[in-house]
Amino acid sequence: MSLNRELDPLTLRKVFAQHPSGVAALCAEVDGVKTGIVASSFTVGVSLEPALVMFAVQKTSNTWPKLRQASHIGVSVLSDLNGGVCAQIASKKGDRFLGVDTVVSEQGALFIEESTLWLETSIYNEVEAGDHWVVLLEVHGHHTSLHSPQIFHDSRFHSIPVPELV
């Protein structure tokens, strides 16, 4: 076996696309405006005590500086029922939440309806990691639904069927 040592960004993007990942929308109401980003780098189970999850965001993001001002951030792990929501929230143009059914917690965390998982979080720590920030979020509450989760694999969106309850 020989390892490919090409580590340019285009090659790495193709290589990393071979790892399936869940798709999460991280959203809040900031000064009365719905704000959000989409992360395929979202990871659960970073820590159980305290309850921590994490994601990575590009340093060039224009939305993260706004979203990080929120006291609480809603994490919605998207489902197959969320269709084009991912592309819409990730868009740099127009109203990212037009026609998207949302719920806002008392603390301002914004959740996307029909997601498979909601986590109400706040920023626990932010760590510089190359051209990204790795953000640790502390979980304050959760809600689950039996929807098929949406995953990102091979640069495309797919869903995983939820097993039937016996």
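## Basis and overall form

Helices (H or I, at least four residues) and strands (E, at least two) are DSSP runs, numbered from the N terminus. By this convention, the chain has 3 helices and 12 strands. The radius of gyration, taken over C-alpha atoms, is 16 Å, close to the 15 Å that the globule rule (2.2 Å times the number of residues to the power 0.38) gives for 166 residues, so the chain is as compact as a globular protein of that length. Along the principal axes, the C-alpha atoms fill a box of roughly 55 × 45 × 40 Å.

The model is a predicted one, in which local features need pLDDT of at least 70 and side-chain atom pairs count only at pLDDT 80 or more, while totals for chains, interfaces and linings use all residues. Residues are numbered from 1 along each chain as its sequence is written, and side-chain values use heavy atoms, with hydrogens and water left out.

## Surface and contacts

Accessible areas come from the Shrake-Rupley method with a 1.4 Å probe, and for residues only the protein chains shown count as cover. The accessible surface of the chain comes to about 10,200 Å², and 55% of this belongs to carbon and sulfur atoms. A residue is called buried under 20% relative accessible area, exposed over 50%, and partly exposed in between (1.4 Å probe, protein chains only). Buried residues make up 36% of the 166 residues in the chain.

A contact means heavy atoms within 4.5 Å. Of the contacts in the chain with a separation of 6 or more, 62% are between residues 24 or more positions apart.

## The open sheet

Strands of a sheet pair through backbone hydrogen bonds, either parallel or antiparallel. Here two strands are taken to pair if DSSP finds at least two bridges between them. An open sheet is formed by 7 strands in the order β3-β2-β6-β9-β10-β5-β4, with antiparallel pairing. Its edge strands are β3 and β4 (43-48), each of which pairs on one side only. From one strand to the next, the twist averages 35°; the axes behind such angles are lines fitted to C-alpha atoms, for helices over the stretch in contact, and the angles run from 0 to 180 degrees between N-to-C directions.

The individual pairings can be followed across the sheet. Strands β2 and β3 are joined by 7 bridges, and Ala24 stands opposite Ala39 in β3. Between β6 and β9 there are 5 bridges, with Val77 opposite Leu117 in β9. The pairing of β9 with β10 extends over 12 bridges; Thr121 has Val139 in β10 as its bridge partner. These two strands form a hairpin with 2 residues between them, and Gly130 in the turn has a positive phi of about 65°. Strand β10 also pairs with β5, over 7 bridges, where the bridge partner of Ala56 is Val134 in β10. Finally, β4 and β5 share 3 bridges and are joined by a hairpin through 2 residues; Ser47 stands opposite Leu52 in β5.

## Nonpolar cores

In soluble globular proteins, nonpolar side chains tend to be buried together. A nonpolar core is a set of buried Ala, Val, Leu, Ile, Met, Phe, Trp, Tyr and Cys residues joined through side-chain atoms within 4.5 Å. The largest such core has 21 residues, and those with the most contacts inside it are Leu26, Phe42, Phe55, Trp64 and Leu137. Two or more residues each come from β2 (24-30), β3 (33-39), β5 (51-58), α2 (64-67), β6 (73-77), β9 (117-129) and β10 (132-144). The largest share, 4 residues, comes from β2.

Not counting residues up to four places away in sequence, Phe42 touches Ala24, Val53, Met54, Phe55, Val75, Val77 and Leu119. A second, separate core of 11 residues includes Val23, Leu78, Val85 and Ile112.

Cys27 lies in strand β2 and counts as buried because its relative accessibility is 0%. Leaving aside neighbours within four places in sequence, Cys27 is in contact with Thr35, Gly36, Leu67, Ile73, Gly74, Phe97, Ala109, Leu110 and Ile112. The C-alpha atoms of Cys27 and Pro65, 38 residues apart along the chain, are separated by 12 Å.

Val33 lies in strand β3 and counts as partly exposed because its relative accessibility is 49%. The C-alpha atoms of Val33 and Ser79, which are 46 residues apart along the chain, are separated by 24 Å.
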